[in-house]
Amino acid sequence: MKRRDLAKMYFPDKQPREAVRSLLGWIKNCPDLMAALNELNTPYIHKQEFTARQVRLIMEYLGDP
């Protein structure tokens, strides 16, 4: 799933770039989520898309959008 698509689900009122920044900010402020994402050994910071496993983890820790 593209980062901007997931970010727009969490922040529908924001522009895509701002929504992505906000989502990444939420991820950075959740140490347990950061640890879980890092355990996957799949980069997510500078990639345009999240893997299905990353999306599941994000939704698990941040809740459904």
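Which residues do ring pairs link into a cluster? Select Tyr10, Phe11 and Trp26: ring pairs link these three.

The model is predicted, so local features need pLDDT of at least 70 and side-chain atom pairs count only at pLDDT 80 or more, while totals for chains, interfaces and linings use all residues. Residues are numbered from 1 along each chain as its sequence is written, and side-chain values use heavy atoms, with hydrogens and water left out.

Rings of Phe, Tyr and Trp (its six-membered ring) pair if their centres lie within 6.5 Å; planes under 30 degrees apart are stacked, over 60 edge-to-face, and the rest tilted. The count here is 2 aromatic pairs.

Start with Tyr10 and Trp26, an edge-to-face pair with centres 6.0 Å apart and 70 degrees between the planes. Tyr10 sits in helix H1 (residues 3-10) and Trp26 in helix H2 (residues 16-28), so this pair ties together parts 16 residues apart in sequence. Helices are DSSP runs (H or I, at least four residues), numbered from the N terminus.

Next, select Phe11 with Trp26. Their ring centres are 4.8 Å apart and their planes at 65 degrees, so this pair is edge-to-face. Phe11 lies in the loop between H1 and H2, 15 residues from Trp26 in helix H2.

Finally, colour by relative accessible area (buried under 20%, exposed over 50%, partly exposed in between; 1.4 Å probe, protein chains only). Tyr10 is buried at 11%, Phe11 is buried at 12%, and Trp26 is partly exposed at 40%.

Notes: Helices (H or I, at least four residues) and strands (E, at least two) are DSSP runs, numbered from the N terminus.
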